[in-house]
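Me: I'm new to this one and would like to learn how to read it. Could you walk me through it feature by feature?

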Amino acid sequence: MSDTNRPTKPSATSLDPVFERKVRFSKWALVFERFWPRFWLVFAVGAVFALLSIFDIWALLNIFTHKAVLAVLGVALLASMVFALRVQWPTREQSIRRIERISNVAHRPASSYEDTLTAPATEEQTEEIWHAHRSRLADLMARLRVGNPQPGTHRRDPMALRLAVIVGLVMLSALAGTALPGRFASAWDFDAKTPVSTARLDAWVAPPSYTRKPPLMLSDGAELKTPSTAAGDDKSPTVLEIPSNSALIVRASGTDHQTLKVEITTDTVEPLALTPKKPEKKENGVTVVPTVSEIRHMMTKSGQVRILRGTEEVGQWAFAVIADEPPKISLLKKPVVTSRGSMKLAYKVSDDYGVAGAVAKFYPIPADDKSTDTKKKPRDEALKGPRPPFEPPPVLSLQVPRAGTKKAEAKTALELGDHPMAGMKVLLVLEAKDVAGQVGESSKLMLILPERQFTNPLARAVIEQRRKLVQDPRYRGQVIVALGALTLEPDGFINDTQAYLGLRAAYYRLQRDETRVGRNSVIEQLWFMAL
């Protein structure tokens, strides 16, 4: 065979640097794969310490238990770190084998490439076969890759509890807020005389829920701090504005706090001293005194508040209580009346914290009231004896754009055809109610309540008697006589048998039932008979 047909030898210098770099990367990947599962032991010990600190468990332990738990955690942390650092350094063969496994190439080309002949090649044919074999392996080695590290943590933690622990620590740390550094620092505080839990004193103002205002924090922690004072006057605290009926809450926790007292001074009231109530209770025959004391007071007047621990003043504030104004409601224009007995109202409502609802009320005006008529009318002889009390006026709901609105204009159409006072002179009053329960009224408007217009003579006569019975129950006798006259000769006068029977029933019911409930039932029955 000539030299021109002999296969060329693979260039070792062109393959070795690239392959050696892959071997180094594979070696570091193996180190990470072996170190990463061991690192989670270190993290687990740290997570236990963090949870104990976030939940402030250290403040609940005595000195001996506190130090013992820290010692156990310290030994566990040291042992886990030693275990994590004692990672066996991988050999070259292990690194090459990892590359071949990741690349998923058969026949282990990288390991075979570094093989040599057992004896010197004396025959030219053997040497050519060997060079061809190495050329094929060199082509396969170009396809080898290192790949990403695969520590296989999921096989040891199939439920992914490690991620749940991380998320829980992050959320708890966010909830702890600014108190988090102090809780971690308490792990190294072994002073049994002043543990963190016995030195906490909190004070805040909670506005009523309907104001939608956030609580005003006065103190959050071990020490009360007076707010910044007015310029040029070191003794005058800044006046804090709060809604009326806000709750002042002062709470002290711990077993060794001194007597707590709150003094409230207003312009018209002597200083009011409040002390916490600490009720005792018995558990299994043993008297237990709560270690948390609390004072609550509703702020209804402006004044100054002092917080005292024994005889020492630890806080002072001045409050300006903003009164809750009642809602306002008024008509935008005169009511619009239709022929079918309906009335349209246009009005506006307003309140400082929001309107909850609005209603319309109609108050009857007695027929013999001199203030409603410029000409004096003779008293009806049928109206003898004391007048029975008026019935409670019906309450009709008005539309409000949305609950809690502070200022709005609205319209409502009221169907008043069957209203007991339809056709009578009444006083119209609009009422608005705010979210605090206060009621505001509009100015009174005198009007004749719209009524449905009946064209049938008998229906008009029935409605007239119904109106008289509503206007004054003392007209009962006249209404009975009128109903008897209307039904005396039904032939040729009342064509509807049901209407005749209904009117006769109302006639006898008025004669025999003199109660208020019976009268109101007859008034409703007469309306349906007129229809």
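Me: Which residues form a nonpolar patch on the surface?

Reply: First the general idea: a patch is made of residues with over 30% relative accessible area and no salt bridge, where like charges are joined within 9 Å and nonpolar side chains (Val, Leu, Ile, Met, Phe, Trp, Tyr) within 5 Å. Here I63, W188 and F190 form a nonpolar one, with about 310 Å² of accessible area together. Accessible areas come from the Shrake-Rupley method with a 1.4 Å probe, and for residues only the protein chains shown count as cover. Keep in mind that this is a predicted model: local features need pLDDT of at least 70, side-chain atom pairs count only at pLDDT 80 or more, and totals for chains, interfaces and linings use all residues. Residues are numbered from 1 along each chain as its sequence is written, and side-chain values use heavy atoms, with hydrogens and water left out.

Me: Where is I63 found?

Reply: Look at helix α2, residues 63-85. Helices (H or I, at least four residues) and strands (E, at least two) are DSSP runs, numbered from the N terminus. I63 counts as partly exposed because its relative accessibility is 35%; buried means under 20% relative accessible area, exposed over 50%, and partly exposed is in between (1.4 Å probe, protein chains only).

Me: And how many salt bridges are there?

Reply: Side chains of opposite charge can pair when their charged atoms come close. The rule asks for a side-chain nitrogen of Lys or Arg within 4 Å of a carboxyl oxygen of Asp or Glu, and the count comes to two. In one of them, E263 pairs with R306, and the closest N and O atoms are 3.0 Å apart. That pair links distant parts of the chain, E263 sitting in strand β5 (residues 260-266) and R306 in strand β10 (residues 303-309), 43 residues apart. E263 is buried at 19%, while R306 is partly exposed at 28%.

Me: What about E431, which partner does it have?

Reply: E431 forms a salt bridge with K361, with the closest N and O atoms 3.3 Å apart. Strand β17 (residues 425-434) holds E431 and strand β14 (residues 342-364) holds K361, 70 residues apart. Both E431 and K361 are buried.

Me: How do β10 and β11 run, parallel or antiparallel?

Reply: Two strands pair if DSSP finds at least two bridges between them. Seven bridges join β10 to β11, and they run antiparallel; G303 stands opposite F319 in β11. Strand β3 (residues 239-243) runs parallel to β11 (residues 312-322), joined by five bridges.
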